[in-house]
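Q: Could you walk me through how to read the features of this structure, one at a time?

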Amino acid sequence: MSDKKSDLKPWLTQLRDEENPLAAIDDKESLPSDTIGLAFSGGGIRSASFCLGVLQSLAEHGWLPYIDYLSTVSGGGYIGTYLGRFFDQCRAPDGVAGPLPNHAPGAAQRRVASELGDSRSASISWLRHNANYLAPTGFGEAMFNFAAFWRNFLSMHFVLGVFFLGLFGLANALSYCPHFPMIFSFGELCAEGLAPIGRSLLKDNVTLWLALGEVTLWLAVLPLAVAYWLVSQDYHERFVFTAFVAMLVLAVTVTVGLNQPLALFVFAAAISWVIFTWHCIRKTEGHSNPRSQFRLALARNQLTYLQSFWTAVLLCILALGVIDFAGRYLAHTFLFEGGHRVATQLVAIGTSLIALAPMLRGLSMLAAAGNPGSDSWLMTLLKIPYLSTILMLLIGAVLPLTLLSWTSHVSYGLGSSYEAGLGATVVVVLISCLLGSKRLYRSSIARDR
């Protein structure tokens, strides 16, 4: 075996030297042990921006002069080329940064590190000014991008607006329905049995959204939390006996004490969620090795995932309920309290704020790129944690949804013109279904490609 290896060695060495010339360097001529290389990957303008930030951070902390080799590709090559050209410009008397005061060793490195460490330096400003990849030819492409942005912005909001208008319309179709007593019977059942909080706080004015929120709480969120503790960690598809009995006794006690079957509903829902989870695990994981620790942990993991999902659903329902309450209040003012002028002004203000919403992002970027030592009130205000996010949600989501809810309530006349509102809802839901069809979605993707 050793003879075969010795025979192959010259051939392998020649092949290695042909494919990688650096491998032929003698050990005495190899790179020092403290050689440092830096690699910039690709990814277009995102990679270029990230690589520029890496260079600036290295320069700011004094590590840039220690880099011996630089390897780049694609978007990273843009910054790599800029760095190499920057060294050339530092050596030129008419360079961007001006001539070097002297040609001492390391002067160029110190100049480059100093310029990169300052975000407002002439070289960084030159790079940003000449890296306008969105509109490289100037005004013409800027207007083209502006038109494309507003076209897509309005189209996206139209599709979402039609969907939520149909959603509010369907909710109002149930709330204002005068012809189907069974709906009212179901609503009374929910209000009495599954919406005790709203019933006690709002008496007879329990809204559909609040009722849905409470139903979600009592039949999904809370039962999933109970189900987590009922499932055994040691035995496959078994309940924890003591926890099961304790929960059952508590449910019966609360039911008898309050003369309200809600506690039994919660307990029954918890058992149902457990059985549903076991069924899903059997269907997806099969029956192999049911006693493995992985299989035993699946049920609790699945119950936790389900609880997080239904908690998010509950928060969305409650948010829509608050928005719908505001829309109904505005509709009542508009129809019965002579609020035509107020409603018109609200619509005008809302439309203007929606149109100005993209400017909020620009202000946030301005605050992020501002001088850290600036005491401008605008900079100070926009740097408050989560303020930009809250403002964007209020302007871009809460306000338009309130206007859509107001439109839906006005179309129904708060119940006085049910047929007209129902007809408008049917048209809106039909348009929303057409816009959300898979065929339309696939055709739009094909056009983009």
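A: Start with a term: helices (H or I, at least four residues) and strands (E, at least two) are DSSP runs, numbered from the N terminus. In this predicted model, Leu414 is found in the loop between α15 (387-412) and α16 (418-435).

Q: What is the phi of Leu414, and is Leu414 buried or exposed?
A: The phi is positive, about 55°, although Leu414 is not a glycine. Buried means under 20% relative accessible area. Leu414 has 18%, so Leu414 counts as buried.

Q: How many helices and strands does the protein have?
A: There are 17 helices and 2 strands. Of the 449 residues, 30% are buried.

Q: In which sense do β1 and β2 pair?
A: The two strands pair in the parallel sense, over 4 bridges, with β2 made of residues 69-72. Gly37 has Tyr69 as its bridge partner in β2, and Phe40 has Thr72. Between the strands, the chain runs from β1 through helix α2 (residues 44-60) to β2, and this β-α-β crossover is right-handed.

Q: Where is Asp34, which comes up next?
A: Asp34 sits in the loop between α1 (2-19) and β1. Its relative accessibility is 58%, and Asp34 therefore counts as exposed. Asp34 and Tyr66 are 32 residues apart along the chain, and their C-alpha atoms are separated by 9.4 Å.

Q: What share of the contacts with a separation of 6 or more comes from residues 24 or more positions apart?
A: A contact means heavy atoms within 4.5 Å. Residues 24 or more positions apart account for 66% of those contacts in the protein.

Q: At what angle do the axes of α2 and α4 cross?
A: A pair of helices can be read from its axes, its handedness and its contacts. The axes of α2 and α4 (residues 107-117) come within 8 Å and cross at roughly 115°. This crossing is left-handed. On the α2 side Leu55, Gln56 and Ala59 take part, and they meet Ala113, Leu116 and Gly117 in α4.

Q: Which residues of helix α5 are buried, and why do they line one face?
A: The way to read this is to look down the helix axis. In α5, residues 122-129, Ser123, Ile124 and Leu127 are buried. Seen down the axis, these buried residues fall within an arc of 100°, so they line one face of the helix.

Conventions: Residues are numbered from 1 along each chain as its sequence is written. This is a predicted model: local features need pLDDT of at least 70, side-chain atom pairs count only at pLDDT 80 or more; totals for chains, interfaces and linings use all residues. Side-chain values use heavy atoms; hydrogens and water are left out. Buried means under 20% relative accessible area, exposed over 50%, partly exposed in between (1.4 Å probe, protein chains only). The arc is that of the directions from the helix axis to the C-beta atoms. Two strands pair if DSSP finds at least two bridges between them. A crossover is right-handed if, with the strands pointing away from the viewer, the path from the first strand over the helix to the second runs clockwise. Axes are lines fitted to C-alpha atoms, for helices over the stretch in contact, and angles run from 0 to 180 degrees between N-to-C directions. A crossing is left-handed if the near helix is turned anticlockwise from the far one by less than a right angle, and right-handed if clockwise.
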